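Student: I have a new model open. Can we go through it by question and answer?

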Number of protein chains: 2
Amino acid sequence: MSSDPHRVVIVGGGFGGLFAAQALRRAPVEVTLVDRLNHHLFQPLLYQVATGILSEGEIAPPLRGVLHRHQNIEVELAEVTKFDLDGRTVTVMRPDGVFLERPYDSLIVAAGAGQSYFGHDEFSRWAPGMKTINDALELRGRILGAFEMAELEADPERRKGWLTFVVVGGGPTGVEIAGQIAELSRRVLKDDFREIDSRSARILLFDGGKEVLAGFGDHLSAKGAQGLEHLGVEIHTESIVTSVDRTGVVVKSGGTEQRIEAGTKVWAAGVQASPLAKLLADGSGAECDRAGRIKVLPDCTIPGHPEVFAIGDMMAMDDLPGVAEVAMQQGIHASSTIKRRLSGKETKHFRYRDLGSMATISRFRAVVSFKKIRLSGFLGWLVWVFVHLAFLTGFKNRLATIPRWAITFIGNSRPERTITMQQIIGRVAIDEAGGRPYLLSLASDDEPQKPEDETPE
Amino acid sequence: MSSDPHRVVIVGGGFGGLFAAQALRRAPVEVTLVDRLNHHLFQPLLYQVATGILSEGEIAPPLRGVLHRHQNIEVELAEVTKFDLDGRTVTVMRPDGVFLERPYDSLIVAAGAGQSYFGHDEFSRWAPGMKTINDALELRGRILGAFEMAELEADPERRKGWLTFVVVGGGPTGVEIAGQIAELSRRVLKDDFREIDSRSARILLFDGGKEVLAGFGDHLSAKGAQGLEHLGVEIHTESIVTSVDRTGVVVKSGGTEQRIEAGTKVWAAGVQASPLAKLLADGSGAECDRAGRIKVLPDCTIPGHPEVFAIGDMMAMDDLPGVAEVAMQQGIHASSTIKRRLSGKETKHFRYRDLGSMATISRFRAVVSFKKIRLSGFLGWLVWVFVHLAFLTGFKNRLATIPRWAITFIGNSRPERTITMQQIIGRVAIDEAGGRPYLLSLASDDEPQKPEDETPE
């Protein structure tokens with residue numbers, strides 16, 4: 001008598017979910033990987049999409065394509081709306097709003113984290129985060145659009161505002177995007193404008209802590225700060241951004257508050273676990289921490305449900321950092337636990353192997369921390385190039401990325417500077433009267449100026 | 001006594017406007033090129049963006065970047081709203097809705113053409129055209145999304161609908177997109193799905209005329225049709241699409257009408273000149289033809305205004321076709337006329353040199369018509385590759401495109417399959433209650449099914 005194969009549902013196709021799925025490719029299980037988007041995202045290079053170096057496809061390959069060889073794995077484009085932990089089913093919603101139920105024997109939830117505005121979600125309208133392809137394309141439109149607006153703006157104060165870029169958060173993401181905005185203004189765009197000098201752009205990086213790249217240790221942190229300052233980025237540590245609006249920010253530093261006019265704001269300051277963490281916690285009685293992450297047991301399962309794993313950025317365990325490496329290793333661990341159980345072997349606790357961290361500062365300059373090794377400058381950059389090429393998903397993406405990086409780093413150009421109206425969807429206000437989309441993020445007044453008798457007909 | 005330099009305003013950065021600007025790069029004139037988007041668009045390859053072969057940046061380089069070496073040329077991101085032909089000023093609207101006036105001594109209007117639905121603009125919601133990067137990205141989302149929906153759809157009739165693709169119009173654009181959808185379904189996606197066989201997709205091409213690729217002549221037209229049929233595209237000539245809705249189309253052929261259920265529709269059937277053609281005609285007393293194109297004099301100027309040129313897809317002259325070559329040559333002609341006048345030389349009438357036409361049918365197969373030469377099959381394809389690489393704007397884009405085409409044609413893959421929610425802006429309905437964006441084009445009911453008690457909180 002043969003029994004039905006063991007069914008594994010994986011929620012999320014990020015580093016955790018993808019590595020979990022791949023680790024089950026030869027196991028006697030049926031896997032369903034559910035994601036609300038069709039792609040895996042190589043998030044560490046998202047800042048390169050935002051600044052025109054790479055295209056979406058190069059860092060966001062289709063999950064279906066990545067996994068197509070593995071016949072025991074299905075991919076579904078749907079969004080999880082409910083967990084029934086007792087009935088062992090997940091409810092998903094298709095893109096057309098129809099709900100489907102998916103039964104499981106084991107469940108791996110790897111839904112990641114979004115940007116956190118620390119209770120000020122209203123900032124998000126003016127200061128997009130850096131979490132999705134959407135975010136990156138929107139930022140691309142805003143960053144390049146700010147230079148366009150400065151070129152057209154005759155008023156010196158407003159022009160200065162368009163040429164001021166504020167990055168909130170001094171972790172790797174904040175440092176990398178600040179560095180690339182500086183590269184754009186100092187090098188790439190310097191001959192492109194007639195009315196403005198793009199090199200005069202101010203780039204301000206604010207961080208609440210004592211130093212940028214705090215996780216890298218004093219030495220690299222100082223090297224990183226030096227590199228950014230060399231590019232002209234103004235670093236302000238122990239500075240909290242307390243307000244963000246259309247034309248600027250308010251920053252609190254020491255006892256004083258200061259307003260800075262800035263057309264473009266990037267938020268790279270905090271993360272908030274996917275709402276699915278709370279949904280899972282509510283269903284199981286597990287706890288969530290302040291960042292909304294579900295507290296898991298040492299084997300990455302949730303209390304009372306050894307068949308349910310929560311991994312990656314949405315879970316809390318010891319003091320593990322919210323980095324891709326943790327998600328990948330936990331994905332492999334969860335799948336390995338499922339396989340061990342099926343073959344009657346004893347399972348293990350998750351143990352994290354720290355493989356270090358790195359961040360680019362500018363062209364030819366990066367900081368790398370790996371065990372006792374600390375690299376910076378050109379040597380660090382070479383390691384960065386090598387490691388990122390090695391980790392990019394798929395040989396073909398690596399092949400396509402090499403000429404991009406050659407164009408960017410040697411040719412000093414940017415292959416992806418196309419802005420479409422649609423890249424600013426969340427911010428587009430349709431003028432119902434004329435059906436004309438105004439780019440609200442670029443608007444000089446909250447109410448767009450209406451064409452009067454000037455318009456055709 | 002030195003006089004102010006001659007001011008040239010160019011409207012539109014397509015083939016006509018860009019070539020006009022480049023032809024003025026060493027002339028003693030000040031050029032302002034105005035476009036409402038930041039990029040030139042290499043429209044002949046738009047179908048490759050729609051089917052995941054190329055990224056936006058590769059066919060849509062920033063105008064500012066292309067022209068940055070020429071100090072006498074300024075680029076402005078703005079939309080023209082008014083011509084004052086007597087006062088010789090153009091009114092433009094900045095992205096933030098502010099109006100600016102731009103005086104000119106010579107004006108070159110090259111605003112191109114959009115899709116025409118022959119009086120049925122309501123079709124556009126369900127059958128996007130192929131004119132802009134937005135169109136291409138939306139179609140990419142729809143085409144790839146249709147396969148995703150088919151995979152999730154249990155009902156056999158609906159699934160069949162998702163796997164049916166209708167292309168309206170059998171010119172080069174229609175033929176090329178139909179061929180690439182077939183390539184996707186037959187080759188690229190064939191191992192990616194578990195519930196459906198992507199190869200079972202139906203691709204239907206409708207054209208009102210007697211044959212596809214009518215402009216190429218009988219021989220190549222037949223070769224093109226054979227190539228498509230070899231890929232499994234069903235060609236229906238003398239067939240008019242009389243109705244388009246969410247789930248299908250109605251086609252009239254001979255005396256009978258037939259309804260076909262099809263989730264994805266592409267409109268490549270007609271063009272309508274930019275509304276700026278009418279604006280210009282109203283201001284000058286010139287006439288427009290049925291496609292909204294302004295009738296110009298033999299030197300591409302408009303009656304009574306020898307300083308105003310209308311070129312490319314928005315003008316009508318003799319029976320010139322609406323192709324890139326005409327726009328390019330007219331752009332050069334207009335600039336040459338301006339230069340001749342400034343140096344007191346006699347001006348000339350525009351004369352079109354027909355450089356032939358070509359269309360890809362599938363991987364390794366294209367048709368090429370050049371003077372008396374007719375090529376098809378692999379040889380035609382080699383010529384196609386060579387010519388398109390030669391004409392792509394910028395060495396760097398060519399460098400980046402080569403590995404893309406290697407991946408696509410030799411590797412049989414698609415580097416750009418990322419779908420973001422934002423790529424369907426025009427069709428996204430925000431569910432105000434939950435703030436959740438539904439993909440209306442994928443909706444199985446006009447009203448998306450509302451989550452009830454299933455939703456979190």
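Tutor: Strand S9 (residues 164–168) and strand S10 (residues 202–206) of chain B pair in the parallel sense over five bridges. Strands are DSSP runs of E, at least two residues; helices are runs of H or I, at least four; both are numbered from the N terminus. Two strands pair if DSSP finds at least two bridges between them. This is a predicted model: local features need pLDDT of at least 70, side-chain atom pairs count only at pLDDT 80 or more, and totals for chains, interfaces and linings use all residues. Residues are numbered from 1 along each chain as its sequence is written, with chains lettered from A and ligands numbered from 1 in the order in which they are written.

Student: Which residue in S10(B) stands opposite Val168(B)?

Tutor: Look along the parallel pair S9 and S10 of chain B. Val168(B) has its opposite residue in S10(B), and that is Phe206(B).

Student: What is the strand order of the open sheet of four strands in chain B?

Tutor: S11 (233–236) and S15 (264–267) of chain B stand at the edges, each with a single partner strand, so one side of each lacks a neighbour in the sheet. The pairing is parallel, and the order in chain B is S11-S10-S9-S15.
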